[in-house]
Amino acid sequence: MTAQITIPRLETDRLILRAHTLSDFPDVAAFYATDHSKFVGGPMTPELAWRSLAMEAGHWLLRGFGRWSIIEKASDQWIGITGLWYPEGFPEHELGWDLAEHATGKGYATEAARAARAYAYDTLGWTTLISLVAEGNDASAAVATRLGARPDGRFTHERFGAMNVYRHPAPEALA
Amino acid sequence: MAPYTPPEQTSPDERAARMRAMIPQIQTPRLTLRAPKLDDLPTLTAFYRTERSHLVGGPLDARAASRVMAGTIGQWALRGYGMWYIAGRATDEVLGWTGILFAPGWAEPELGWTVFPEAEGKGLAFEAALAARDYAAAHLGIHRPISYIEPVNTRSIALAERLGAVRESTGALLGKPCLIYRHPALDDDGSVEAYA
């Protein structure tokens, strides 16, 4: 039996955003295995990475929205995760992005997150979004800035530590 | 300013229906095995706050408990099977969980169970685990699951033996030594296969 929930598939010029599957696990575990994941809870063991992937899948069922795996069209490879996130303890609904190290530097995080944001605004009817960026995560802060988000306070995450809150432009400002 | 709350796209009823489509419900004489739901979080958190939860990864705070719940549901999405929450058939109050766990670090699919202290001593864990084991045999092709049990967990050892499982070996799970019990082979209808 597979999930009956419909997790939408989004497409951009270079990327596909789709539901996580079991076959993504090796890529997810590899992402969390190295220091590259230090701003988002890593590095962690495959066992904890499994819990993380299962939690991502469960978030869709509990909330009705969640995060997608990002697939690079050209290679058909898993390159990261983006989407809408609101677990217990988050201050607001968040747009997040995690990109595999080998996929950085190509504007993929911005392209993927923009599609996820458009889904939140245009399909779900949300009117604002934040992104939480860990202190020192300059690459992620740069993505937030490229997306037009601006600093809007601080938040202390119980596992990720001090984070800067970025507020995205409202839908009408993007129109 | 109050935090922004987006409009709900799906009603709680719709989400519950989707969850039921993925996680089948099982009725036993006294229990319902069902999908977790957000309303269970306070009870789950209360259990995870206690020292009693140390055999299953606790103590945990509310946020960590909610991650565990999401992970429980997520295994169903990823694997097509997982753990049910055990609820009182009349009250729908969550009393624990049982089902099949299979994650990195597990040698093979495991039949697991946890019942909160207030529900102990009534044979409810037995009733629930038996129903989950029958379901796994009938619908999942899992006929002789193992159960990992910490050596100090005498209640669980007694339950495994009551279920007809036998101690097969000792091993380790996530770095902790544990006993590995093997459940008897079951036919698809859940009855124990006759041995020649």
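This is a predicted model: local features need pLDDT of at least 70, side-chain atom pairs count only at pLDDT 80 or more; totals for chains, interfaces and linings use all residues.
**View 1. Chain A, overall fold.**
Chain A holds 5 helices and 8 strands. Read from the N terminus, its elements follow the order β-β-α-α-β-β-β-α-β-α-β-β-α. Along the principal axes, the C-alpha atoms of chain A occupy a box of roughly 40 × 30 × 30 Å.

**View 2. Chain A, burial and contact range.**
Of the 175 residues in chain A, 40% are buried. Take the contacts in chain A with a separation of 6 or more: 53% of them join residues 24 or more positions apart.

**View 3. The largest nonpolar core.**
This core has 96 residues. Residues of both chains have the most contacts inside it: Ile70(A) and Ala112(A), together with Ile86(B) and Ala128(B). In soluble globular proteins, nonpolar side chains tend to be buried together.

**View 4. Surroundings of Ala112(A).**
Ala112(A) is one of the residues with the most contacts inside the largest nonpolar core. Which residues does Ala112(A) contact, leaving aside its neighbours within four places in sequence? They are Thr12(A), Leu15(A), Leu17(A), Ile70(A), Thr82(A) and Trp97(A). Ile70(A), in this set, is also among the residues with the most contacts inside the core.

**View 5. The side of chain B that touches chain A.**
Here 30 residues of chain B are in contact with 31 residues of chain A. Two elements of chain B give two or more residues to this side: helix 1 (12–22) and helix 3 (62–79). Helix 3 of chain B gives the most, with 13 residues. By residue class, the side of chain B that touches chain A divides into 16 nonpolar, 9 polar and 5 charged.

**View 6. Ala165(B), a loop residue.**
Ala165(B) sits in the loop of chain B between helix 5 (154–162) and strand 7 (166–173). Is Ala165(B) buried or exposed? Ala165(B) counts as buried because 23 C-beta neighbours lie inside 10 Å, and the cut-off for burial is 20 or more. Not counting residues up to four places away in sequence, Ala165(B) touches Ser147(B), Ala160(B), Tyr181(B), Arg182(B) and His183(B).

**View 7. Ala165(B) and Thr45(B).**
This pair is 120 residues apart along the chain. The C-alpha atoms of Ala165(B) and Thr45(B) are separated by 31 Å.

Definitions and conventions
Residues are numbered from 1 along each chain as its sequence is written. Chains are lettered from A and ligands numbered from 1 in the order in which they are written. A nonpolar core is a set of buried Ala, Val, Leu, Ile, Met, Phe, Trp, Tyr and Cys residues joined through C-beta atoms within 7 Å. A residue is buried if 20 or more other C-beta atoms lie within 10 Å of its own, exposed if 12 or fewer, and partly exposed in between; C-beta atoms are placed from the backbone. Two residues are in contact if their C-beta atoms, placed from the backbone, lie within 7 Å. Helices (H or I, at least four residues) and strands (E, at least two) are DSSP runs, numbered from the N terminus. Ala, Val, Leu, Ile, Met, Phe, Trp, Tyr, Cys and Pro count as nonpolar, Asp, Glu, Lys and Arg as charged, and the others, Gly among them, as polar.
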